[in-house]
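This report goes through one protein chain, from its overall make-up to single residues. Please keep the sequence and the model at hand while reading.

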Amino acid sequence: MYKKNICFPFNLIIFFKYISKILNDVGLNFDVVPSKFPETLDKSRYTPLNYVVATATEKGLEVYKRLLEEGQKIDLVIAADTVVAFDGEILEKPKDKKDALNMLQKLNGNSHYVYTGIALIYPKIESGYSISTLIENTEVVFRKNNEEDFLDYIDTGEPMDKAGSYGIQALGSFFIEKINGCYYNVVGLPTSVFKRIEQLVKNNEI
């Protein structure tokens, strides 16, 4: 059975079905295994691109090694990390409501980028493991919104577990004027990961 570690909440059934269908279409069964990696990397030492890849890799390795120690057979671990970046600053989940408002005001009327790093970890035929990584980025443009709308949104609780303090797949879409790139990357898992998995399967690497 293929193991899958996607470390963000599946808060929409339709998105979960989307992932399930694509993975099943390429012949992969999967489990969701939360990573215990504390995500304590020093963001000041990384660009947003490097940060998401490093974090995804650490998440995936933690799951891979833990499952091996538990004696489970592992064919593939898919780990992902997504951040919002504005003017080079990494915006993760807000610490509190004040932090959420501050993030939304930064994004208001501006464009920013959503970066997702993916780490695919799978055993080598001989011994050890291989890691294949990829990065996706999507430009998101916020329309000009008023503070009252932001405060009402924050009161719903939705932004409190979202990078950048908004979720494009739900109420947060109200603030967005347009996106340039992969929509599912903003949700948390870009479609390009499935092309990479398909390549690995065709090459008999997994």
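## Basis

The model is predicted, so local features are given only at pLDDT of at least 70 and side-chain atom pairs only at pLDDT 80 or more, while totals for chains, interfaces and linings use all residues. Residues are numbered from 1 along each chain as its sequence is written, and side-chain values use heavy atoms, with hydrogens and water left out.

## Overall make-up

The protein chain has 6 helices and 5 strands. Helices (H or I, at least four residues) and strands (E, at least two) are DSSP runs numbered from the N terminus. Read from that end, their order is α-α-β-β-α-β-β-α-β-α-α.

Of the 206 residues in the chain, 49% are buried. Buried means under 20% relative accessible area, exposed means over 50%, and partly exposed lies in between (1.4 Å probe, protein chains only). Contact means heavy atoms within 4.5 Å. Among contacts between residues at least 6 apart in sequence, 73% join residues at least 24 apart.

## Helix 3

The buried residues of helix 3 are Asp-99, Ala-100, Leu-101, Met-103, Leu-104 and Leu-107. They pack against strand 1 (77-86), strand 2, strand 3 (111-123), strand 4 (129-142) and helix 4 (147-155).

At the start of helix 3, a side-chain oxygen of Asp-96 comes to within 3.2 Å of the backbone nitrogen of Lys-98. Just after the helix, Gly-109 has a positive phi of about 75 degrees.

## The second largest pocket

The second largest pocket holds about 160 Å³ of space. Its lining consists of Lys-43, Glu-89, Ile-90, Leu-91, Glu-92, Lys-93, Lys-95, Asp-99, Asn-102, Met-103 and Lys-106. Two or more lining residues come from each of strand 2 (89-91) and helix 3 (97-107), and helix 3 gives the most, with 4 residues.

A pocket here is an open set of points on a 1 Å grid over the protein atoms alone, where a 1.4 Å probe fits, with protein on both sides within 12 Å along at least five of seven lines; lining residues have an atom within 4 Å of a point. The volume is the space filled by probe spheres set on the points, which are joined across faces, edges and corners. By class, the lining has 3 nonpolar, 1 polar and 7 charged residues. Asp, Glu, Lys and Arg count as charged; Ala, Val, Leu, Ile, Met, Phe, Trp, Tyr, Cys and Pro count as nonpolar; the others, Gly among them, count as polar.

## Aromatic rings

Rings of Phe, Tyr and Trp (its six-membered ring) pair if their centres lie within 6.5 Å. The count by this rule is 9 aromatic pairs. One aromatic cluster is formed by Phe-142, Phe-150, Tyr-153, Tyr-166, Phe-174 and Phe-175.

## Single residues

Tyr-122 lies in strand 3 and is buried, at 5% relative accessible area. Beyond its neighbours within four places in sequence, its contacts include Asp-75, Leu-200 and Glu-205. The side chains of Tyr-122 and Glu-205 make a polar contact of 3.1 Å, that is, a pair of N or O atoms within 3.5 Å; within protein, one must be able to donate a hydrogen and the other to accept it, and residues adjacent in sequence count only if both atoms are side-chain atoms. Asp-75, in the loop between helix 2 (48-69) and strand 1, makes a side-chain polar contact with Lys-73 (2.6 Å).

Glu-39 has a positive phi near 55 degrees and is partly exposed, at 34%. Asn-204, with a positive phi of about 60 degrees, is exposed at 62%.

Key: Phe/Tyr/Trp six-rings, centres within 6.5 Å; stacked < 30°, edge-to-face > 60°.
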